[in-house]
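User: I am new to this structure and would be grateful for a close look at a single part of it. Please set out the answer as one connected account.

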Amino acid sequence: LKTRLKTATRGHKLLKDKRDEMMRRFVILVRENAQLRESVEQRLQKAMGEFALCRGVMEPEEVDEALLYPARSVSLEIGKKNILSVEVPAISAGEGETKLSYGFAQTSAQLDGAIAGMADLLPDLVKLAETEKTCNLLSDEIERTRRRVNALEYVMIPDLNDTIRYISMKLEENERASTTRLMKVKSMIADRTETG
């Protein structure tokens with residue numbers, strides 16, 4: 001039991017250190033995520049505004065026709081990286097050159113700006129997706145680790161301490177009873193030798 005207590009105490013300390021480090025990294029990632037999200041949302045709003053202006057100037061069919069063919073090709077490489085034994089995604093986007101697939105005569109300048117804005121936004125969108133997924137996975141692992149730390153701190157370690165204390169008291173009580181019995185037997189033997 002003492003060995004189990006020692007192991008549980010060491011495990012508790014390690015899990016607590018892991019939880020603290022994950023919290024530190026989580027806070028950094030959440031701040032980065034908030035800044036990135038704000039930046040992406042502002043740029044996305046601007047690009048969508050230009051699309052709205054474009055729809056006001058051009059006929060809807062012309063806009064749809066101009067956007068049928070993609071402006072650029074993108075290849076995504078999805079991998080994994082390890083943050084304190086938590087597998088998180090690592091996404092990188094390989095982008096091709098932007099090619100406008102429509103004629104300039106029948107489209108407005110706002111459409112060019114909107115497409116360029118969306119094209120510039122893609123790497124940040126990919127980074128935002130990676131950061132948000134990493135935050136979600138880390139928060140789940142922090143919660144699991146917190147539950148384990150609490151289980152060790154408030155259930156397992158106190159139970160082991162109580163059991164060790166109970167067994168120690170019983171052993172001491174048995175030892176005292178045995179010593180008392182021996183002294184009684186010795187006293188009885190001494191009485192018999194004196195009377196005999």
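In which element is lysine 6 found?

Analyst: Lysine 6 is found in helix 1, where helices (H or I, at least four residues) and strands (E, at least two) are DSSP runs, numbered from the N terminus. The structure is a predicted model, in which local features need pLDDT of at least 70 and side-chain atom pairs count only at pLDDT 80 or more, while totals for chains, interfaces and linings use all residues. Residues are numbered from 1 along each chain as its sequence is written, and side-chain values use heavy atoms, with hydrogens and water left out.

Confidence may be considered before the details. The protein has an average pLDDT (the predictor's confidence in each residue, from 0 to 100) of 88, and 94% of the residues score at least 70. Within the protein, helix 1 has the highest confidence, at a mean of 92, whereas helix 2 (residues 60-66) has the lowest, at 78.

Lysine 6 counts as exposed because its relative accessibility is 63%; exposed means over 50% relative accessible area, buried under 20%, and partly exposed in between, with a 1.4 Å probe and protein chains only. From C-alpha to C-alpha, lysine 6 lies 16 Å from arginine 148, although 142 residues separate the two in sequence. Histidine 12, which also lies in helix 1, has a relative accessibility of 12% and therefore counts as buried. Leaving aside residues up to four places away in sequence, histidine 12 touches Val149, Leu152, Glu153 and Ile157, contact being heavy atoms within 4.5 Å.

The helix as a whole has a partner. The axes of helix 1 (residues 2-57) and helix 3 (residues 109-195) come within 5 Å of each other and cross at roughly 160°. Such axes are lines fitted to C-alpha atoms, for helices over the stretch in contact, and angles run from 0 to 180 degrees between N-to-C directions. The crossing angle therefore makes helix 1 roughly antiparallel to helix 3, a term for angles over 145 degrees, with under 35 counted as roughly parallel, 65 to 115 as roughly perpendicular and the rest as oblique. The residues of this contact comprise 32 nonpolar, 11 polar and 17 charged. Here Ala, Val, Leu, Ile, Met, Phe, Trp, Tyr, Cys and Pro count as nonpolar, Asp, Glu, Lys and Arg as charged, and the others, Gly among them, as polar.
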